[in-house]
Amino acid sequence: MDELFDFRPYIEALTRRWRLLLGGTVLAGILAVGLSFLLPPTYEAHTLVLIVDPSQLVQFDPRFETVGEIRPRQAYPVLALSDSLLQTLLQYIATKEIKEPNTLKELQDILSVSTSSDPSLLELRVEHSDPASAALIANHWTELFVAQANQVIGDQSEDQVAFYIDQRNMALLALDDTEQMLAEFQAGNRQTIVKAQLESHQMALDTYLAQQQALVLLQQDIITLRTQLTGQNGPLLPADHLALMLLYGRVFGETDTSPTIELQVDGTATQTASREQVIASLDTLQTALTTRSNNLVEQISQLEPAILGIQEELEILTADEEQLRQAVRLAAETYTALVRKVAEEQITSQDTSRGLRVASPAITPQEPIAPQKMLNGLLAAMVALVSLMAVVLFRHWQML
């Protein structure tokens, strides 16, 4: 079994050297306090900047969707320490005949930005050997930072208004151009003429198709009557004469509008005509109707490509007109939206209740934050005590 380590010799060694330990500790503390009196004092001035969110958002046109108040709060500390802003601050310091800082690096060393538990509150600190200079630098730094942050992030810049004004003017020119193009198109628009041509051709086509259908029915009735007469013998019956007269009446009724059919049929002659003569006249009529039907087919075949061509031309004209009208509507909507957006931006840019505001300016500090004489003395004493104890223990260990 291993023996337990015995601390008693080391404790006795420290006890024997208590005068050395006490004296060295006190001496180190006194020296640290004395050196602290020789160091130049450091004063700290600080300002508070409040990030104010708008209570109302101006939105005249819903097509410009207002995104939630996305303010990159983490960007504010970086912006406060940006080179361009600090360079402007350094130039201001030079005009006030402040001895230091003289370079951008020295200025960065004495500035700091911190946030509290509330992310809408920023604290800007300046450390300087002169209390009045610390307050002066802190206040001017805060003014520069608030102005630049409101311009860059807070939408209080006239550049934003000028941008939308330019866009509005461009939209007005685009609207004028599209309206002029529509007016020029309408000056030579043949839609009415083409529609009239199409309606005329369609009416003719409907007439030809109706006549063709009527001729088909007549031809079927002629075939039926001829078959009936062929299957009978002897003189014609009164019913046959009646059917024949009705058929001729339909033929003349259907062909009144068709001068190409010339039938020379005497209705009264059918009363004394023989069966063979009536059948022969039906064959002649069938031939004439077939010729007329063929003529209608040819006329219909000629109308079809003409109608298709007119329809294509009308569709092209309609599409061109609709495209121009759509362009005019879009240009008008864009112009109207930008007019409203310009009004929004003009109001928003004048809204000083939003963005960053100085919540508390810096005052001239009365007490320095460094050097802290008592703290330095205590730290020096603690370091000296620990160092002396380590030396005593090491010497005792060597002697064992």
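Tutor: Let's pick Thr-47, which sits in strand 1, residues 43-52. Thr-47 has a relative accessible area of 0%, so Thr-47 counts as buried, the cut-off being under 20%. What does its side chain touch? The side chain of Thr-47 makes a polar contact with the side chain of Thr-142, at 2.6 Å. Leaving aside neighbours within four places in sequence, Thr-47 is also in contact with other residues, including Leu-122, Glu-123 and Leu-124, as well as Ser-360, Pro-361 and Ala-362.

Now for the core. The largest nonpolar core has 29 residues. Among those with the most contacts inside this core are Leu-107, Trp-141 and Phe-145. Strand 1 supplies at least two residues of this core, and so do strand 3 (121-128) and helices 3, 4, 5 and 6. Helix 6 gives the largest share, eight residues. In soluble globular proteins, nonpolar side chains tend to be buried together. Beyond four places in sequence, Leu-107 is in contact with Leu-86, Leu-89, Leu-90, Ile-93 and Pro-101.

Finally, how far can you trust the picture? The protein averages a pLDDT of 78, and 80% of the residues score at least 70. Among the elements, strand 3 has the highest mean pLDDT (90), while helix 9 has the lowest (70). Over residues 256-270, pLDDT stays under 50. Where pLDDT is low, the predicted coordinates should not be read in detail.

Notes: Residues numbered from 1 in each chain as written. Heavy atoms only, no water. Helix = DSSP H or I, 4+ residues; strand = E, 2+ residues; numbered from the N terminus. Buried < 20%, exposed > 50% of the residue type's maximum accessible area, 1.4 Å probe, protein only. Polar contact = N/O pair within 3.5 Å; in protein donor to acceptor, adjacent residues only side chain to side chain. Contact = heavy atoms within 4.5 Å. Core = buried A, V, L, I, M, F, W, Y, C linked by side-chain atoms within 4.5 Å. pLDDT = per-residue confidence, 0-100.
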